[in-house]
Amino acid sequence: MPDVLAETLYELIVATRILANEKVLDAFGHVSVRHPHDPQRYFIPRHRAPELAEVSDLVELTLDSEPVRPTDFRLYSEKVIHGEIYKARPDVHAVCHHHAHAVLPYAISGQEIVPVFHLGAVIGKVQFWDQRDEFGDTNMLVVKPEEGASLARALGPHWMVLMRRHGATVAGTGLRELTFRTVFGCDNARLQSEAMAHGRVDALSPGEAKLTAAHQSRPPSTNRAWDYWVRQVEKAGLMPAHAAAKAASNTGTRAKSGAKRAPAKSARKKSVTSRRRR
Ligand SMILES: [Zn+2]
């Protein structure tokens with residue numbers, strides 16, 4: 001019988017590597033997945049660059065973004081983005097937060113991103129959220145539960161929200177659909193920018209966007225794209241070892257399995273003090 005939890009955790013790391021390899025994630029940004037057996041929990045890697053994330057780095061959190069088990073891992077300060085969206089949207093099973101350059105001009109200018117080619121239809125109606133509106137001057141990071149909840153409200157029933165002067169957050173019903181939407185959301189933004197430089201942008205009609213999004217969100221498309229992106233990750237030598245997923249799952253705790261590899265608290269504290277949290 002397939003170990004659904006182990007496969008889910010492995011796919012979370014593969015999705016993270018894909019999005020790093022496709023230049024959506026860089027040093028920052030993160031991907032999470034809802035627990036396949038417990039909708040009140042989710043998994044996200046510990047605080048580190050996405051491309052470096054391993055299954056043993058995964059931490060299990062409640063929807064209040066608190067660790068289920070004590071852990072010495074440093075966690076992403078913006079984890080509430082994930083927890084609050086899972087709380088507000090039972091249909092969402094995977095979330096990505098990123099600062100890809102392709103979408104940032106839209107987050108900065110307030111110009112709407114619209115589907116401009118068939119694969120871009122999966123972004124749906126892209127929403128805007130401005131942290132400043134409700135919270136005034138902040139350090140621009142979404143760290144308080146109420147900030148995450150506000151972002152989740154802005155997302156509403158949609159799938160992508162642009163965060164003004166910061167980045168974007170994308171939701172999916174699963175990891176493969178999320179990866180598809182995130183990559184093609186960036187491609188769509190890049191193409192829209194190029195088309196705008198040419199002059200007129202002829203976007204999909206609302207009817208075309210709806211029909212196309214429904215078609216492209218199905219497994220035949222998302223699996224085909226997934227297989228292609230996995231091959232690119234393999235070619236780049238970035239594929240995580242599959243056996244690690246099984247071993248980590250067998251321990252029953254992510255934090256415990258990763259703790260062996262984590263440096264002592266004092267040493268770790270020294271090594272991260274100068275790093276920026278995101
Ligand atoms: Zn961010």
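Arg165 sits in the loop between strand 6 (160-163) and strand 7 (167-172). Its phi is positive, near 60°, and Arg165 is not a glycine. The model is predicted. It holds eleven helices and seven strands.

**Positive phi in loops**
- Most residues other than glycine have a negative phi.
- Arg165 counts as partly exposed because it has 14 C-beta neighbours inside 10 Å.
- The loop between helix 4 (131-135) and helix 5 (145-155) contains Met140.
- Met140 is partly exposed, because 14 C-beta neighbours lie inside 10 Å.

**Helix 8**
- Helix 8 covers residues 219-235, 17 residues in total.
- From first C-alpha to last, helix 8 reaches 24 Å, close to the 24 Å expected at 1.5 Å a residue.
- Thr222, Trp226 and Trp229 are the buried residues of helix 8.
- These three cover an arc of only 75° around the axis, so they lie on the same side of helix 8.
- An α-helix has 3.6 residues a turn, so residues three or four places apart point the same way.
- The cover over the buried residues of helix 8 includes helix 1 (4-21) and helix 6 (175-198).
- Exposed residues on the other side of helix 8 include Pro220, Arg224, Tyr228 and Lys235.

**The protein overall**
- The protein has 278 residues, and 42% of them are buried.
- Among contacts with a separation of 6 or more, 71% join residues 24 or more positions apart.

Terms used: Residues are numbered from 1 along each chain as its sequence is written. This is a predicted model: local features need pLDDT of at least 70, side-chain atom pairs count only at pLDDT 80 or more; totals for chains, interfaces and linings use all residues. Helices (H or I, at least four residues) and strands (E, at least two) are DSSP runs, numbered from the N terminus. The expected span of a helix is 1.5 Å times one less than its number of residues. A residue is buried if 20 or more other C-beta atoms lie within 10 Å of its own, exposed if 12 or fewer, and partly exposed in between; C-beta atoms are placed from the backbone. The arc is that of the directions from the helix axis to the C-beta atoms. Two residues are in contact if their C-beta atoms, placed from the backbone, lie within 7 Å.
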